[in-house]
Amino acid sequence: SVLINYRMFHDDELEESEKFYVGQPRVLLLIYALYNTLVARSEMVCYFVIILNHMISASMITLVLPILIFLWAMLSVPRPSKRFWMTAIVYTEVAIVIKYFFQFGFFPWNKHVDYTKDKPYHPPNIIGIEKKEGYVHYDLVQLLALFFHRSILKCHGLWDEDEKGESSSNKEDTDDELSLAGGRRDSSASLKSVNLAASVESIHVHFPEQQTAIRRKSSSSTSQLSHRLLEYILDTFYNISHTTFSLCFLQCKLHVIKSHCGLCCCRTLQVYVPIRQFFYNLIHPDYSAVTDVYVLMFLADTVDFIIIVFGFWAFGKHSAAADITSSLSEDQVPEAFLVMVLIQFGTMVVDRALYLKKTVMGKVIFQVILVFGIHFWMFFILPGVTERKFSQNTVAQLWYFVKCVYFGLSAYQIRCGYPTRVLGNFLTKSYNYVNLFLFQGFRLVPFLTELRAVMDWVWTDTTLSLSSWICVEDIYAHIFILKCWRESEKRYPQPRGQKKKKVVKYGMGGMIIVLLICIVWFPLLFMSLIKSVAGITNKPLDVSITITLGGYQPIFTMSAQQSQLKDLNQTGFNTLLGSYRGNTAALQFLEGYGKEDITLADLEGNSNSLWTISPPSREKMIQGLLDFSSEFTVVLSWTIQRYKNMKYLLFHFFSRTLGEVYPYYIKAPSDSLAKPIKQLLKGMYCKWKNITVSLVKNVSDEGVREWWVLNQLEKTFKTSGESLELIIFSDKVSPPSLGFLAGYGIMGLYASVVLVIGKFVREFFSGISHSIMFEELPNVDRILKLCTDIFLVRETGELELEEDLYAKLIFLYRSPETMIKWTREKT
């Protein structure tokens with residue numbers, strides 16, 4: 001019989017087709033698989049294309065379909081109806097025609113396209129009828145995706161499914177006759193004479209919870225309309241009050257219906273009734289395929305939160321170059337950043353409250369408010385704030401796309417309904433290393449565990465106080481961690497009497513040793529690498545020199561800027577290195593610098609200011625210079641200005657002559673003190689340079705003018721004329737992204753980072769003896785089940801039993817003997 005059945009159902013062509021398919025190249029099989037995935041999720045492709053079109057176009061024309069997706073299509077059970085897809089197709093075709101019509105140049109707003117194309121509040125830009133290149137490309141792709149999905153539905157016989165259902169229900173409405181009991185039958189029978197305009201289509205209202213309805217045969221469409229309309233009015237009044245209204249009150253309503261306002265009311269009901277019925281069926285479904293996607297919604301909100309934190313500049317005015325770290329370091333909180341963070345965090349709290357209360361109606365209301373609010377803000381308010389179109393704001397587009405993912409998940413949650421049991425944390429569903437480390441990382445986030453515990457206590461029915469609730473949560477978290485460790489010991493058992501393997505010792509122990517060493521030496525390593533590897537060359541912008549004799553007016557002032565500040569080339573750098581051959585200290589210093597860090601300042605020898613001094617002061621200065629028995633002070637000062645940093649030093653020389661007073665080599669470090677380089681200025685290889693000073697007097701019709709002229713002797717790079725050379729070695733500075741750490745210095749990092757981390761590490765290695773009775777539990781299954789039972793009875797409303805189980809848990813932790821019995825290994 002098996003052979004007969006095999007021959008009966010065996011098909012050689014199918015077998016050959018299967019062999020041919022299996023023998024195809026892997027790339028072709030991958031293409032087949034991708035196509036099948038595309039066909040299976042063709043509605044998601046349509047949603048994606050519609051949202052993408054709206055993100056790029058960002059107009060009122062493209063705004064309608066995304067809202068319909070989140071408030072109609074994704075909320076439809078079990079799938080979007082044919083009416084939605086026909087609406088989307090027709091609307092897209094009409095949008096294409098409208099955009100094409102307004103591309104002609106005779107419209108006034110199309111004559112200055114280059115001037116108005118970037119204005120966010122220009123009316124054609126808002127509506128979506130502006131003239132531009134490729135105005136219809138994405139609409140055509142959207143229409144193609146919709147027709148592709150339509151063809152898939154037709155192939156599977158799902159396109160005409162709604163029409164068949166409607167025709168069958170209409171047939172049942174015509175053939176069946178059911179009546180209400182008592183007064184409702186009499187009231188409906190006395191209202192047969194109501195007649196409305198024949199052009200108004202019939203209205204059919206069906207409430208799922210109502211098992212009876214008034215259905216009558218009618219000879220004309222107008223009488224059928226009156227019967228259906230009266231049926232809706234009676235049923236509505238019955239659902240609101242569940243009592244029988246008087247006949248005179250209904251007759252008063254009928255006079256209103258007969259009037260012209262009644263016709264308008266009927267038109268309004270044609271729109272209102274299906275929408276009301278749609279959401280009513282959504283909130284009160286006949287069946288519910290319960291699901292839980294709160295974790296995915298929370299992750300989507302978290303991603304949006306991160307986008308706001310690191311890309312808040314895209315949501316503010318004139319803040320394209322802003323940085324949140326620099327703003328916070330300057331104790332400034334941008335208003336746009338604060339408002340967006342608070343709103344985003346507030347929506348996450350409301351979402352958590354709705355999830356704990358399991359209220360689908362609240363979720364529907366929240367979904368409607370968010371969909372309209374987000375779209376109104378993103379496409380009508382934000383462009384005015386940022387003064388640029390939404391299509392030009394990449395960060396805002398990314399934020400909106402993630403929010404659309406959240407809207408889709410929310411719609412799926414509404415359509416399926418909330419779970420009836422919310423037990424524990426979503427990370428505690430399995431007992432493995434992944435869940436263990438993720439759960440511990442979750443608990444390390446500041447205030448997240450505390451905020452979650454308080455919110456759960458507020459929006460969950462319980463008899464426990466807040467402290468008792470937190471106690472249960474802490475015990476459950478502790479027991480879950482122990483359960484994960486015990487499960488890992490079962491998976492990787494350690495035989496008795498055998499030493500630990502080297503893989504474990506050098507793997508875990510070696511990693512801890514390396515980690516501790518890195519923490520201890522982190523400041524030194526960080527400060528060394530931040531400038532040598534990631535350091536940025538910070539060249540001087542201005543070099544100034546001032547010379548003063550004996551505290552009188554400066555005799556010489558000069559500065560070098562722009563072209564007078566020259567970079568040292570490779571030949572000059574090699575010459576500098578060769579001049580210190582054999583000087584170990586100098587060569588060691590020069591190893592830390594490259595040619596890009598050295599700048600040659602060429603200062604003009606003539607002072608840029610006239611020498612102004614009173615005759616008495618002039619005589620005293622001359623007497624002081626001629627008196628060799630007393631000391632005379634010469635003050636040489638220099639100022640090196642770099643980007644966002646001023647370096648200066650006043651250096652005093654006591655001498656009667658100006659010999660060996662010029663430092664020639666200056667180091668400009670990252671702190672606030674520029675100083676001579678001792679390694680290059682001391683010893684027999686290089687002494688301080690000599691300079692000549694002379695006073696020039698110019699007599700003209702305008703009077704006598706005097707200024708000082710300086711000239712350096714023994715110049716290294718042989719600059720022509722009377723001038724001064726100054727070689728500056730600039731230390732690298734930390735990049736702006738790491739400036740908040742480098743600014744503390746080595747001692748600051750040790751005090752703020754190493755000591756704080758050391759405190760937490762010491763707590764891990766000390767105090768273990770005080771927690772042995774709670775840590776060394778061989779078997780925690782019974783305690784874990786007790787905690788789970790507390791969560792379960794709380795969800796089922798057994799609050800008295802919750803109190804009893806909580807008391808049992810507290811007694812267990814108060815009694816070491818009982819704890820030992822409860823945590824023994826099962827035999």
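Predicted model: local features only at pLDDT ≥ 70, side-chain atom pairs only at ≥ 80, totals over all residues.
Modeller: Residues are numbered from 1 along each chain as its sequence is written, and side-chain values use heavy atoms, with hydrogens and water left out.

Colleague: Why is α22 called oblique to α33?

Modeller: Helix α22 (residues 466–491) packs against helix α33 (residues 799–814) at about 60 degrees, their axes being 11 Å apart. Angles under 35 degrees count as roughly parallel, over 145 as roughly antiparallel, 65 to 115 as roughly perpendicular and the rest as oblique. The pair is therefore oblique. Its crossing is left-handed.

Colleague: Which residues make the contact of α22 with α33?

Modeller: With contact taken as heavy atoms within 4.5 Å, α22 contributes Ser468, Cys471, Val472, Ile475, His478 and Ile479, and α33 contributes Tyr806, Leu809, Ile810 and Tyr813.

Colleague: What makes up this contact by class?

Modeller: Ala, Val, Leu, Ile, Met, Phe, Trp, Tyr, Cys and Pro count as nonpolar, Asp, Glu, Lys and Arg as charged, and the others, Gly among them, as polar. The contact of α22 with α33 accordingly has eight nonpolar, two polar and no charged residues.

Colleague: What makes a space a cavity or a pocket?

Modeller: On a 1 Å grid over the protein atoms alone, a 1.4 Å probe fits in a cavity but cannot get out, while a pocket is an open set of points with protein on both sides within 12 Å along at least five of seven lines; lining residues have an atom within 4 Å of a point. The whole structure holds eight cavities of 30 Å³ or more, and the largest cavity has a volume of about 160 Å³. Its lining has 15 residues, with Val422, Gly424, Asp456, Trp469 and Arg794 closest to the centre. By class, that lining comprises five nonpolar, three polar and seven charged residues. Helix α32 supplies the largest share, three residues.

Colleague: Which element gives the most to the lining of the second largest pocket?

Modeller: Helix α22 does, with nine residues. The second largest pocket contains about 2,300 Å³ of space and is lined by 42 residues, of which Phe437, Gln440, Trp485, Met508 and Phe764 lie nearest its centre. The lining of this pocket divides into 23 nonpolar, nine polar and 10 charged residues.

Methods
Axes fitted to C-alpha atoms, helices over the stretch in contact; angles between N-to-C directions. Helix = DSSP H or I, 4+ residues; strand = E, 2+ residues; numbered from the N terminus. Left-handed = near helix turned anticlockwise from the far one by under 90°. Points joined across faces, edges and corners; volume = space filled by probe spheres on them.
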